[in-house]
Structures are given as C-alpha cells and as structure tokens.
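This report describes selected features of one protein model, from its helices to its charged and aromatic contacts. Please keep the sequence and the coordinates at hand while reading.

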Amino acid sequence: MSTAKARYESDLLRLLDERGYIHQLTDAAGLDALAARQIVPGYIGFDATAPSLHVGSLVQIMMLRRLQQAGHKPVVVMGGGTTRIGDPSGRDESRRMLSDETIEANIQSIFTVFSKLLKFGDGPTDAVMVNNHDWLARLGYIELLQEVGTHFTINRMLSFDSVRLRLEREQPLTFLEFNYMILQAYDFRHLARELGVRLQMGGSDQWGNIVNGIELARRSDGTELFGLTTPLLTTADGAKMGKTAAGAVWLNEDQLPAYDFWQYWRNVDDRDVGRFLRLFTDLPLDEIARLEALEGAEINAAKVVLANEITALVRGTEAAARAEATAREAFAGSGAGADLPSIATGPEGMRIAALLTEVGLTASNGEAKRKLAEGAVKLEGTAITDPAFLVLPAEGETLRLSLGKKRHALVRR
C-alpha cells in the first residue's frame, strides 16, 4: 500500500493526485504504468437506497468524471443486488428492506445525475452503467460458498473496520450484512471478467471491501486488479459532507431545489473553498489558486464561483443562473426570487415554529424555538421570537421568512 505523494507518469494519477482525490493505492506503480499504456476501465458502486444520492457521494461521481477526462472508461455499478443486503461500513443499524419496484425506480432517478456528469455510449472511453442484481440474482448459494467462500476466512472478515467497529459498539450485525463484503468482492471479479475492469475506486471506508475483491481475483483467476480510495471527506469544522441542519443535500432536483443546493456551496467555510473547487469543479488549478488566496469579504466571490460551477455541473447552467439571481434578490432585501423554497399555510395559517421546520429552514421544532429565542428569525424583516406566532398571509400575498442573513423562504396562503 502506498499513501505518499508521488510523481506519476500517467495522466490519470497525476490528475487525481493534484486534485486531492488519492488517499490509498494498493499498487501505485503498477496502476500508474497500466494507465500510462492503455485504457483502464474503473468502477465505483452505488447502492440505490433513495431516489437520489447526496453530496457525500459527489466526490465519487467526480472521480469517475476524472477517469473519463484522463482518457479511461468509467463503469457505474448500481447496487440493485447489494441494496437488498446493506453495507455495514460506517453504519450502526441494519438497512431497511426495499421492494424491487422501489429499487428500480431509485436507479432510474439516480441515473439522471450521472448522465449530466459522464458521457455514456459505446465508445472505448464512454461510460456504462450496470446493475449488479443482473449477476448476483443468478448466484446459487452452494455455488457461492464453494467458489467464493473458500477464499474468505472469518478471522480476516472480523478484522475489517466495517465489522469490528459495529461489534465493538455492540450493535447487531446480521448474517445478511456480513455477506456484503463477499458480494462486493464478487462484483469486482465479475466486472474484471466481463468488462475488463482493472480498477475499483471508493471512499476510505471501502478499503477492506476493495482489497477483498483484488485478493479474490488474484487467487481464483490470477488477475491483477487495483484499488484507490479517497480521503474521508469532511468540512473544515469536522462535519460530514452532505448533511445540514435541515437534512441531506440531495443531488436530484426532485429531492432538493436548485436554490438550496446552490446555497449549500455558497455557505461553505472559507477554509474549504480551494479544496472543494479542486474536487468538485473543472476550473484550472491556477484559477483555483487565485480564488482560494482571496481574503476577507473577497472570499465570498470565490464561494459564488464554487456554487455556480457545481450547480451548473449537477443541475445545469440555467439552474445555476436562476439560483444566483434568486440569491442576489434575497440578499438585496426583496427576497422574491422564484427559486426560494416556498410553503402554503392554508386558510388557517401556521405557527411560525412549525412553519420553519415544514419549509426546511430548521430540522425540528426544538431547533426552530431556539432560533426564535436567539432572534435569528424574521418575517418580512421583523424579528419574531414567539414560537406560537401565527403566520397568515392575506389572499394573494407572499411573505419572506428568513433565518439569519442567508436562508430565506416564501410563505403564501
């Protein structure tokens, strides 16, 4: 394993290295040499537990984009099979079971984001999307035990963080979930056999699962495969990427309006601007260096660039332009931008604490009450502190509800 910075020969590893994606490599020299002489098909797996992935998955999607930009072939593996089991990595509880219809609908919905960030087709470097249910569903249990199970020891499986940490916390780990790492290893070998995949990438929590697949292919087929993981992605204040007080930052428009997505990036910590520009945009590195060197109020201009670039990639250029225009109106005081989140109170009106939570400005009524007590909530520019205050717009009237200086929503009858 190599974790040190290195001077790479291949465009692929140079690009990933200078953009900050590399945490661990199973064989840096071997992968570098392979990528320098041929097209390398590489894959990342995504389980379909919801209709959208969230920002926490964006670094993985961008790695597939970098793979394609460097002249290689991205393989998107949707976990139609493994979604039925659940990856125990980083989890304290078992995943709820989804119906076949729900999983398929989620996959179709998730694809819309990939289609914006990758070029799909039949060419040698065009991306492809496959569903591991297509091959895992055909596996017989005895066949799996005989062909794959003999290459795994319980001792080794118990040593992986995804299992060990769960057991140390005395959280239940089902036999179903315990098999996840075997099936992911099987995926890697299957993709190597059928699509010539040589590289699996993922977050740092996937290291053990990736290594399992490499060892399975080596022992059973004598094939040399490679693994690459990214650093654990957190914000400068230590928070997990993709989570806010109001909930997950979803990539799909149906799950989160473009304005809220844009605003998430506009509000990042000053210390994160350069890193996020390298990871999540295609801006040249010299331009990123210029932007991250800005100080004081000027760093806000870099944050607008960050928000515009990422929103344009994920939601489209029109959505980015609308979101920026809405933000300008909101900050100017009118707050009437069409892309602001909005809510209808009905003819009876709504109490302001419930309204804050319902529209997504706060995560709970308890948080809403705290923000009201702090004087952070304004309705049409007037501070409101009483959580029982009744908000009842007149017929045809639109009111601006604000939490702090940067978060706004529209309230209508």
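In which helix does Tyr141 lie? Tyr141 lies in helix 6, which comprises residues 141-147.

## Basis of the report

The model is predicted: local features need pLDDT of at least 70, side-chain atom pairs count only at pLDDT 80 or more, and totals for chains, interfaces and linings use all residues. Residues are numbered from 1 along each chain as its sequence is written, and side-chain values use heavy atoms, with hydrogens and water left out.

Helices (H or I, at least four residues) and strands (E, at least two) are DSSP runs, numbered from the N terminus. A residue is called buried under 20% relative accessible area, exposed over 50%, and partly exposed in between (1.4 Å probe, protein chains only).

## A nonpolar surface patch

Tyr141, Ile142 and Leu145 make a nonpolar surface patch of about 320 Å². Patches consist of residues with over 30% relative accessible area and no salt bridge; like charges are joined within 9 Å, and nonpolar side chains (Val, Leu, Ile, Met, Phe, Trp, Tyr) within 5 Å. The accessible areas come from the Shrake-Rupley method with a 1.4 Å probe, and for residues only the protein chains shown count as cover.

Helix 3 covers residues 58-69; at 1.5 Å a residue its 12 residues should span 16 Å, and its end C-alpha atoms are 16 Å apart, which agrees. The expected span is 1.5 Å times one less than the number of residues. Because 11 of its 12 residues are buried, helix 3 is largely enclosed by the rest of the structure. Among the buried residues are Leu58, Ile61, Met62, Arg65 and Arg66. Just after helix 3, Gly71 adopts a positive phi of about 90 degrees.

## Salt bridges

The structure holds 14 salt bridges, each defined as a side-chain nitrogen of Lys or Arg within 4 Å of a carboxyl oxygen of Asp or Glu. One of them joins the side chains of Arg14 and Asp11 at 2.4 Å, N to O. These two residues are three apart in helix 1 (residues 11-19), so about one helical turn separates them. An α-helix has 3.6 residues a turn, so residues three or four places apart point the same way. Arg14 is partly exposed at 35% relative accessibility, and Asp11 is partly exposed at 48%.

Glu253 forms a salt bridge with Arg315, the closest N and O atoms being 2.7 Å apart. The pair links distant parts of the chain, 62 residues apart: Glu253 is in the loop between strand 8 (247-248) and helix 12 (258-266), and Arg315 is in helix 15 (residues 299-315). Glu253 is partly exposed at 39% relative accessible area, whereas Arg315 is buried at 11%. A network of salt bridges links Arg65, Arg66 and Asp282.

Rings of Phe, Tyr and Trp (its six-membered ring) pair if their centres lie within 6.5 Å; planes under 30 degrees apart count as stacked, over 60 as edge-to-face and the rest as tilted. By this rule there are eight aromatic pairs. Tyr264 and Trp265 form an edge-to-face pair, 5.0 Å centre to centre with 85 degrees between the planes. The rings of Trp265 and Phe276 have centres 5.8 Å apart and planes at 85 degrees, so this pair is also edge-to-face. Trp265 lies in helix 12 and Phe276 in helix 13 (residues 273-280), so the pair ties together parts that are 11 residues apart in sequence. Trp265 is buried at 0% relative accessibility, and Phe276 is buried at 1%.

Phe261, Tyr264, Trp265, Phe276 and Phe280 form one aromatic cluster. Arg315 lies over the face of Phe261, at 4.8 Å from the ring centre; a charge sits over a ring if NZ of Lys or CZ of Arg is within 6 Å of the ring centre and within 35 degrees of the ring normal. Arg266 also lies in helix 12 and is buried at 9% relative accessibility. Arg266 and Ala307 are 41 residues apart in sequence and 5.3 Å apart in space, C-alpha to C-alpha.
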